[in-house]
Amino acid sequence: MKMAWKAAAAGLMFAGFGAQAQEFKAGDIAIGHPWVRPTAGTTMISAAYMTLKNGGKDADTLKSASYADAEKVEVHEHINDNGVMKMRQVQGGLAIPAGATVELKPGGYHIMLIGLKHALAEGQTLPLKLSFAHAGDVEMQIKVEKMPAAGGGAQVHHN
Ligand SMILES: [Cu+2]
């Protein structure tokens, strides 16, 4: 797992910059400012966001993500179903074309953490692992950050 080791080392390096937005790397994929929203009340779900920049010549796919303290982690998208915004799992994984940057953000693509074993509070960090079809696996420590005030009001509805 040479790739995974390199990815982990890059994460450590950037972690040294403290308050600055974190960046991680998995092969040709640069993962910019990963963050996860705090849980609200007793609702044990959350969502993680980041940008995925493919600097390589080959298309890649985010196949899955995992976090040990969640029952399920799914890659979701929001769809407009006759005027009602709904979330659903991205079929076949999230495509990241060569040279493209795919943004995971509130109201768009996100990584859904379902059935969390404990609440997430601002300022905590948690280990989130991403698995790419070509770039392999990367384990990141990502921060729990408050939702941005502007435009981030999209409510999350499950079930
Ligand atoms: Cu979702």
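Guide: A residue is called buried when its relative accessible area is under 20%, exposed when it is over 50%, and partly exposed in between. The model is predicted, and by this rule both Met87 and His110 are buried.

Visitor: What coordinates the copper ion?
Guide: The copper ion is coordinated by His76 through ND1, Met87 through SD, His110 through NE2 and Met112 through SD, at 2.1 to 2.3 Å. A donor must be an N, O or S atom within 2.8 Å of this metal, so the four atoms qualify. In sequence, these donor residues follow the spacing H-x10-M-x22-H-x1-M.

Visitor: Why is Thr39 called buried?
Guide: Its relative accessible area is 14%, and the limit is under 20%, so Thr39 is buried. Thr39 sits in the loop between β2 (29-36) and β3 (45-54).

Visitor: What does Thr39 touch, leaving out residues up to four places away in sequence?
Guide: Thr39 touches Met44, Ile45, Ser46, Leu116, Ala119 and Leu120.

Visitor: How do you know that Thr39 and Leu120 form a polar contact?
Guide: A polar atom of the Thr39 side chain lies 2.9 Å from the backbone nitrogen of Leu120. The cut-off is 3.5 Å, so the pair meets the distance condition for a polar contact.

Visitor: Why is Asn82 called exposed?
Guide: The relative accessible area of Asn82 is 78%, and exposed requires over 50%, so the term applies. Asn82 is placed in the loop between β5 (70-81) and β6 (84-89). Although not a glycine, Asn82 has a positive phi of about 50 degrees.

Visitor: Why is His33 called partly exposed?
Guide: At 33%, the relative accessible area of His33 falls between the limits of 20% and 50%, so His33 is partly exposed. His33 is found in strand β2, and phi of His33 is near 35 degrees, a positive value in a residue other than glycine.

Definitions and conventions. Residues numbered from 1 in each chain as written. Predicted model: local features only at pLDDT ≥ 70, side-chain atom pairs only at ≥ 80, totals over all residues. Heavy atoms only, no water. Helix = DSSP H or I, 4+ residues; strand = E, 2+ residues; numbered from the N terminus. Buried < 20%, exposed > 50% of the residue type's maximum accessible area, 1.4 Å probe, protein only. Polar contact = N/O pair within 3.5 Å; in protein donor to acceptor, adjacent residues only side chain to side chain. Contact = heavy atoms within 4.5 Å. Donors = N, O, S within 2.8 Å, 3.2 Å for Na, K, Ca; no water.
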